[in-house]
Each structure stands twice: as structure tokens, then as C-alpha cells.
Amino acid sequence: MPKDNSKIYVGDSDLGTGIPNSLVKAAESVCYSGVAAIQQGRLLNETAERYDLSKGELESFLYANYQDEQRKNT
């Protein structure tokens, strides 16, 4: 009877499916990076909406706030 490999437990050191653990870790990293990019996009959109800014204005707004924070920390 063939072995059932339909269940994969991501993060286990022995997946039992022949998938290298390093490949699983790389896939997890890509997923986390994708989630971070989505969250960053949402934050930028929310900031633009909150302050009624166009995309060009948003860049200037963020840069000005970054400079203000740098001055406060020096």
C-alpha cells in the first residue's frame, strides 16, 4: 500500500515527504515577506487617506516626518 503524503507539517524537521527542510524554511520566509509587504501597503494607503494625500504627496509627507524624527533623536 502506498504511503500517504497528503499531510505536511511545516516546521517539522522530518516532513516524511522528501521536501528538504531548507526549502520549507525558504517558503515560510517568502510568505512572511509577502504578509509584511501587504501590511506596509495598507499602512501607506491608510496614511494617504487619513491626511488626504496623493501618492506624490505621500512620499514627501513621509520623508518630512522621517527628517523630523531624525532631528528629535539627535
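The accessible surface of the protein chain amounts to about 6500 Å², and carbon and sulfur atoms account for 54% of that area. The model is a predicted one, and its protein chain has 74 residues, of which 8% count as buried. In terms of secondary structure, the chain holds two helices and zero strands. Helix H1 covers residues 21-50 and helix H2 covers residues 55-72, with a loop between them.

Two packed helices are described by the angle between their axes and the distance between the axes. Here the axes of H1 and H2 come within 10 Å and cross at roughly 100°. Angles of 65 to 115 degrees count as roughly perpendicular, and H1 and H2 are therefore roughly perpendicular to each other. On the H1 side, the contact is made by Leu44, Thr47 and Ala48, while H2 contributes Leu58, Phe61 and Leu62. Sorted by class, this contact of H1 with H2 has five nonpolar residues, one polar residue and no charged residues.

Phe61 also takes part in an aromatic pair. A pair of aromatic rings is described by the distance of the centres and the angle of the planes. The model has one aromatic pair, formed by Tyr51 and Phe61, with 4.7 Å from centre to centre and 35° between the planes. This geometry is classed as tilted. The two partners are ten residues apart and link distant parts of the chain: Tyr51 sits in the loop between H1 and H2, whereas Phe61 belongs to H2.

Conventions. Residues are numbered from 1 along each chain as its sequence is written. This is a predicted model: local features need pLDDT of at least 70, side-chain atom pairs count only at pLDDT 80 or more; totals for chains, interfaces and linings use all residues. Side-chain values use heavy atoms; hydrogens and water are left out. Rings of Phe, Tyr and Trp (its six-membered ring) pair if their centres lie within 6.5 Å; planes under 30 degrees apart count as stacked, over 60 as edge-to-face and the rest as tilted. Helices (H or I, at least four residues) and strands (E, at least two) are DSSP runs, numbered from the N terminus. Buried means under 20% relative accessible area, exposed over 50%, partly exposed in between (1.4 Å probe, protein chains only). Accessible areas come from the Shrake-Rupley method with a 1.4 Å probe; for residues, only the protein chains shown count as cover. Axes are lines fitted to C-alpha atoms, for helices over the stretch in contact, and angles run from 0 to 180 degrees between N-to-C directions. Angles under 35 degrees count as roughly parallel, over 145 as roughly antiparallel, 65 to 115 as roughly perpendicular and the rest as oblique. Contact means heavy atoms within 4.5 Å. Ala, Val, Leu, Ile, Met, Phe, Trp, Tyr, Cys and Pro count as nonpolar, Asp, Glu, Lys and Arg as charged, and the others, Gly among them, as polar.
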